[in-house]
Amino acid sequence: MNPTSIATVSLSGDLTEKLQAIAAAGFDAVEVFENDFLTFDGSPRDVGKMITDLGLTISAFQPFRDFEGMPEPLRARTFARAERKFAIMNELGAELMLICSNVSPQSLGGIDRAATDLRELGELAAKFGVRVGFEALAWGRHVNDYRDAWEIVRRAGHARIGLILDSFHTLARNSPVEPIASIPGDRIFLVQLADAPKLDMDVLSWSRHFRCFPGQGDLAVADFVRAVEATGYSGPLSHEIFNDQFRAGSARRLATDGMRSLIALADQTTPHLPPRAHVEGVEFLEFALDEDTAADLAALFKALGFQQTGTHRSKMVTRWSQGGINLVLNTEKDGFAQSHAIMHGPGVCAICLRVDNVEQTMARARDLKITAFEQPVGPGEMHIPAIRGVGGSLIYFTQATGELAHIWEKDFVARPDGAAPAPALLQSVDHISQSMDYEEMLSWLLFYTSLFHLERIPQTAIADPAGLVESRPIVSADGSLRFVLNGSQATRTLSSRFVSEHFGSGVQHIAFSAPDIFAAVTAMRAAGLSFLDIPENYYEDLEARHGLDPDFIDALRDHHILYDRDGEAEFLQVYTHVFAQRFFFEIVERRGGYAGFGAVNAAVRLASQAREARPVTVPRPLRD
Ligand SMILES: O=C(O)c1ccc(O)c(O)c1
Ligand SMILES: [Mg+2]
């Protein structure tokens, strides 16, 4: 693997915090951005020492812009500035200066003019023992394509002058990546990496606000890196991410994400890690809560058609099942589940996934710097491998073969009530929806997609009465696993309140699939369950929109079921009330291969939930 690097601009915090996070995440090098340097209260030597003490080197220093092609007297001034910055680089211990192509309206075009300027700068750089890399900005005034930048560097013909490539500028402009392969690797001084979601906007704003780590966006960064590899380039691959969420996020988390992104990217261009895991299904969902609440939840499970199918041999843990679904209720007084319940209130503390190969999954997780979880197991009990997931919850792994295929027999006494299995109203876990801080969404996207065979579905914005909620599904090709990540920048949306009122992210709802949603709702109602109320206006609109049969609309209305159609495929969904102000269940029926999540209905659901929710407490103005 090439040395790893990241630009300070990619992270939040002051320079010290950024550098500590970068070192802690295991990077080899750092690109120092001018702003981080200028705002630091200490000498260049202090900065240099801090970087060396952290075990990092400086991959590039980016101290000024608008260099090439300036008419006199500006030209003389840029050279004077360059000389001052070279002196600072000597103090700092930086060996490579990054200069991006000129955007100034005063600059003059001409490849030879730029080459002459750079050759002369190369002479100056030689006196200071440093080098200069030239990078084409996609919006450069005269130079905006790496092929032109390379021609300028080639014509400059100076050992101290080389090329800097940036995946964003290349891919955002749809420049072909193949010609990169014919640039000599030793003439490339630095390679910067950034991905971005496909957005229809001007390239400057896109670059300055929406870049993200490779693997989080839609650009073909792996193709770009393959072309770079073909040159023999052996220098650093350096993240350079300008992103509003990143600036607001945690430097430590983002630096780790950056490292994970580089590791996953290297594995994509030259596979060397254990493969991404295939998830065959959800083995169980574990709820942690106190005993009183657990009794209420057990009653809800029963009304949903679950039966108690097991009791743990030594712990206060019960198993509830129907169809292929297993739910676990954990009311232990110590251990992980209890600390989760204390911290977050009643909720899902763990998800167990059945994967093709647990050992490989755990090995890949370790290689991706995902934290493993260990907890002592009781005598004779199964050790189920686990990693840390969203909001400090766990993801356990089982597989269909070997010892881990037998967790239920090993740890549980089956059917303590001796009841015969009832026909299942619900078949499987259709999807799991997790709420998180908006800033965390890209982190968990990378987490899931780098570890598992899960593909991203485009993000949609859903209107909660209190603001927009961004919703991002990630799904396996065969539908065996679907996550929906939700985050909101507005503070009072259901999604945000879930996070703020429960000390962090977590599972906000679980959707089960029903072979016959009408039959399921009818049976559950007979068992005493009621469902989220849906306004009449919704059904009026449905009729107008889809031209559905009035009897069918009546049945939907009567069962509180929401409806969507995509071509011939249909989607029916219904929601329980919110349990313990914390989470809720959804029941869905997919007909004809419907692949979405009923996004058109989400606003209706959120409005109904907002009506039901306890009123928001607004602080009263202070009295004097
Ligand atoms: O947005 C910019 O100004 C900018 C600066 C330096 C870079 O390397 C870059 O890719 C963009
Ligand atoms: Mg760049």
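## A tour around Glu-135

Select Glu-135 to begin: this residue is buried, with 23 other C-beta atoms within 10 Å of its own (buried means 20 or more such atoms within 10 Å, exposed 12 or fewer, partly exposed in between, with C-beta atoms placed from the backbone). The model is predicted, with local features needing pLDDT of at least 70 and side-chain atom pairs pLDDT 80 or more, while totals for chains, interfaces and linings use all residues. Residues are numbered from 1 along each chain as written, and chains are lettered from A and ligands numbered from 1 in the order written.

Colour strand β5, residues 131-135, and you will find Glu-135 in it (strands are DSSP runs of E, at least two residues, and helices runs of H or I, at least four, numbered from the N terminus). Beyond residues up to four places away in sequence, Glu-135 touches Leu-98, Cys-100, Ser-101, Ala-149, Ile-164 and Asp-166 (contact means C-beta atoms, placed from the backbone, within 7 Å).

Setting aside neighbours within four places in sequence, Asp-166 is in contact with Glu-135, Gln-192, Ala-194 and Glu-240.

Now select Glu-135, Asp-166, Gln-192 and Glu-240 together, which the unreviewed UniProt entry annotates as "binding site". Although they span 106 residues in sequence, no two of their C-alpha atoms are more than 12.8 Å apart, so they gather at one spot; such annotations may be inferred rather than shown by experiment.

Finally, zoom out to the whole protein, which has 21 helices and 26 strands, and whose C-alpha trace spans about 90 × 65 × 60 Å along its principal axes. Of its 624 residues, 47% count as buried.

Methods
Contact = placed C-beta atoms within 7 Å.
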